[in-house]
Amino acid sequence: MEDSAADVAESIEELRRSFSYGSRSNLNFKYLKDLTDGEFGDFLEELLAAIAATTDDGDAARVTDVAYRWQVHGYAGHLGDPADFPHRHDDKPIALLGKPLSESRVALLTSSGHFVEGDDPEPFGVVGMTQAEAEARIMDFIRDAPTLSAIPIDTPAERLRVRHGGYPIASAARDHQVALPLGHLRALADEGTIGEVAPVAYSFVGATSQARLRKEVAPAWAERLRHDDVDAVLLVPV
Amino acid sequence: MSVGHVQRAIESIGIPTVGVYVRSFGHIPGLMGVARAIVTKHPMGRPLGAPGDHERQRHVVEQALALLARGEQTITELPEAWRTRPS
């Protein structure tokens, strides 16, 4: 147990915020900053009750359920009033497959922050940026335009890397298919469910300038996919 | 949000798309007007399933591709609860 910041008095709000890029940063729980103090108390009460019950029967699912339910609640309000959401669109562009899925070339694009060993996008010119550095520079990422990493679909798992300052990457680092399902798509192509997987998948760090992404970057990436001659795209935000 | 912009841009040039969103972000595809989305009852950072749960991961991918194949323009929440291993 670490000494806590020299026992300086801390408000409940400061405590909640410390989990979001603060002294107790934990990206699984950064939503705690968006709860009210009362809700934070309810969260702790439920969590402690779940831990107590788990102590007796070992069923930790109830603990993860508490975290999941409060995560959903925390994010439900994080965009503010939907009417004021700046990226709201009342129109909906629609395209349809022009051929059966079993004859279609399907591409994969995710915001997971994966890249191939030896092809590090080196954000801000930093060589070998660590996950901790990416988290510390989250505001720089949010101001900058994103870089698209090309990932050949036959890349061995041990050559995949993931780094993203905006979400907990531990799961995606253990098993890239939680967000980058290369093997599942290849299997579905082998079985004939899809015609083929586009030879190159793409990943980027989704914590990025939304304005630059919308106006400049996303249209350019769409053209790149057209150049790849893909018939459909599976997207996986994290 | 980021993938919503990309999804709209791709769909706008005539290529159909489907996105897989975790429940915490499940309100975003509707607000942003994306054509198709699957929403999973999974925690942030694990949209397709837990590490090693290849059965669930594949199921989610199959459900997403099925939306594409059917040409539906819907946001569909999958009923399966989070799990750490196949039951």
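Strand 7 of chain A is joined by three bridges to strand 1 (residues 17–22) of chain B, and the two strands run parallel; here strands (E, at least two residues) and helices (H or I, at least four residues) are DSSP runs numbered from the N terminus, and two strands pair if DSSP finds at least two bridges between them. Within this pairing, Leu235(A) stands opposite Gly19(B). The model is a predicted one, in which local features need pLDDT of at least 70 and side-chain atom pairs count only at pLDDT 80 or more, whereas totals for chains, interfaces and linings use all residues. Residues are numbered from 1 along each chain as its sequence is written, while chains are lettered from A and ligands numbered from 1 in the order in which they are written.

The secondary structure of chain A comprises eight helices and seven strands, and its C-alpha atoms occupy a box of roughly 60 × 45 × 40 Å along the principal axes. Of its 238 residues, 32% count as buried, a residue being buried if 20 or more other C-beta atoms, placed from the backbone, lie within 10 Å of its own, exposed if there are 12 or fewer, and partly exposed in between. Two residues are taken to be in contact if their C-beta atoms, placed from the backbone, lie within 7 Å; among the contacts in chain A between residues at least 6 apart in sequence, 76% join residues at least 24 apart.

Strand 1 of chain A (105–110) is largely enclosed by the rest of the structure, because five of its six residues are buried. This strand pairs in the parallel sense with strand 7 of chain A over five bridges, and in that pairing Leu108(A) stands opposite Leu234(A). Strand 1 of chain A also pairs in the parallel sense with strand 5 of chain A over two bridges, where Arg105(A) faces Glu196(A) as its opposite residue. A further parallel pairing over two bridges links strand 1 to strand 6 of chain A, with Ser203(A) as the bridge partner of Thr110(A).

In helix 7 of chain A, the residues Leu182(A), His184(A), Leu185(A) and Leu188(A) are buried. They lie on the same side of the helix, because they cover an arc of only 170 degrees around its axis, the arc being that of the directions from the helix axis to the C-beta atoms. The buried residues of helix 7 pack against strands 1, 5 and 6 of chain A together with helix 3 (54–70) of chain B. Just after helix 7, Gly192(A) takes a positive phi of about 90 degrees.

The largest nonpolar core, with 67 residues, has Val106(A), Ala107(A), Val233(A) and Ala64(B) as the residues with the most contacts inside it; such a core is a set of buried Ala, Val, Leu, Ile, Met, Phe, Trp, Tyr and Cys residues joined through C-beta atoms within 7 Å. Leaving aside neighbours within four places in sequence, Val106(A) is in contact with residues including Leu185(A), Ile194(A), Val230(A) and Leu234(A).

The contact between the chains takes 58 residues from chain A and 49 residues from chain B. On the side of chain A that touches chain B, the largest share, nine residues, comes from helix 8 of chain A.
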